[in-house]
Amino acid sequence: MRSIWKGEVSFGLVNVPVKVYAATEDHDLHARQVDKKDGVRIRYKKVRDDNGEEVEFADIAKAYESDEGEMVILTKEDLASLPVEQNHEIEVTEFVPADQVDPVAFDNAYFLEPASRSNRAYVLMREALQQTDRLAICTFTLRNRTRLCALRVYKDVLMLQTLLWPDEIRPAILDGLDKEAKVRPQEIKMAASLIETMAADFEPEKYEDDYQNQLKELIEAKAAGGEAFTVEEKDTSSDDDGDDEVADLLAALRASVKDRGGKADDADDQDDGEDSGSAKKTAGKKSGNTSARKAPAKKTAAKKAPAKKAAAKKSTAKKSA
């Protein structure tokens, strides 16, 4: 691994010489643009906007537009003369609780390696961050940008995690959240039970990138002149537009809990929002039946009631006779 930056982490009067390394890499397969007739690669040419003549890479420069609209060409030497580019320092401005930085703000990750003969200051800062459970908020300049970043400990290594600036995170204004749906307490309880049945320690090693694996399989199969996968025809006869919710959310949650070997508490079927009385709740607990089984029983009882009244009328008629 080659370092991409070298400088010092400074907090107070303490300086920690470090080298910066990229902590992540892309494992995706990248496609190339080709002519679909014969697969010959297509290359892009840099051409002038006025006459279309091709320009060699060595003759291409960077230019920025001034307030008056004039294109100002800046060389690498011009950019290197900026004061922030000459300051090789990761300046710690404050230490904040780790839970105050939302993960949505995290961007690129970099490893920090001790750059001096003695790594005592490096180890000291690592141990202090671990014991206090805080992040060091820093600023430094990398690749023509001033970065806001968080310094933290990752597997006994100091890691520098760049943060997105506040104006780079979009506000969560979503039409689907304009109307808040009402969720019953027993549904929340059953969802929590489902979460408990799926609770585990995070082990990223057991997950795989299925898309990349299948893409590699498809490439090898096509290269050998075959087909790797077949697409099943979808049933388009249904009028379902995909926007219908589950008919009975509680039943679906209960089935999910049972499917994972959990225990679904059937005693909480009654709506806690209704004042059904303690007698009904006690009866519900003794019966041990689900709400789906109780509903038909109530309907049957309602149907039998008129029959009893009819029988009573017939009995009175006989006595009169």
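**Helices, barrel and selected residues of a predicted model**

Helix 6 is followed by Gly 261, which has a positive phi, near 80 degrees. Helices here are DSSP runs of H or I with at least four residues, strands are runs of E with at least two, and both are numbered from the N terminus. The model is a predicted one, in which local features need pLDDT of at least 70 and side-chain atom pairs count only at pLDDT 80 or more, while totals for chains, interfaces and linings use all residues. Residues are numbered from 1 along each chain as its sequence is written, and side-chain values use heavy atoms, with hydrogens and water left out.

Helix 6 spans residues 249-259, and Leu 250, Leu 253, Arg 254 and Val 257 are buried in it. Because these residues cover an arc of only 100 degrees around the axis, they are on the same side of helix 6. The arc is that of the directions from the helix axis to the C-beta atoms. Buried means under 20% relative accessible area, exposed means over 50%, and partly exposed lies in between, with a 1.4 Å probe and protein chains only. The buried residues of helix 6 pack against helix 4 (185-197).

Helix 3, residues 120-132, has 13 residues. From its first C-alpha to its last, helix 3 reaches 18 Å, close to the 18 Å expected at 1.5 Å a residue; the expected span is 1.5 Å times one less than the number of residues. Tyr 122, Met 125, Arg 126 and Leu 129 are the buried residues of helix 3. They lie on the same side of helix 3, because they cover an arc of only 100 degrees around the axis. An α-helix has 3.6 residues a turn, so residues three or four places apart point the same way. Arg 120, Leu 124 and Gln 131 are exposed on the other side of helix 3. After helix 3 comes Asp 133, with a positive phi near 55 degrees.

Seven strands form a closed barrel in the order 1-2-6-9-8-7-5, and their pairing is mixed. From one strand to the next, the twist averages 40 degrees. Two strands are taken to pair if DSSP finds at least two bridges between them. Strand 8 (residues 146-154) pairs with strand 9 (residues 157-163) in the antiparallel sense, over seven bridges. In this pairing, Leu 151 stands opposite Leu 160 of strand 9.

Ser 10 belongs to strand 1, residues 5-11. Its relative accessibility is 8%, so Ser 10 counts as buried. Contact means heavy atoms within 4.5 Å. Apart from its neighbours within four places in sequence, Ser 10 is in contact with Asn 15, Glu 89, Ile 90, Glu 91 and Val 92.

Gln 86 is located in helix 2, residues 83-86. Gln 86 counts as exposed because its relative accessibility is 55%. Residues up to four places away in sequence not being counted, Gln 86 touches Ala 80 and Ser 81. Between Gln 86 and Thr 141 the separation is 55 residues in sequence and 9.2 Å in space, C-alpha to C-alpha.

Over the whole protein, the secondary structure comes to eight helices and nine strands. Of the 321 residues, 17% are buried. Among contacts with a separation of 6 or more, 58% are between residues 24 or more positions apart. The accessible surface comes to about 26200 Å², and carbon and sulfur atoms account for 51% of that surface. Accessible areas come from the Shrake-Rupley method with a 1.4 Å probe; for residues, only the protein chains shown count as cover.

Definitions and conventions
Axes are lines fitted to C-alpha atoms, for helices over the stretch in contact, and angles run from 0 to 180 degrees between N-to-C directions.
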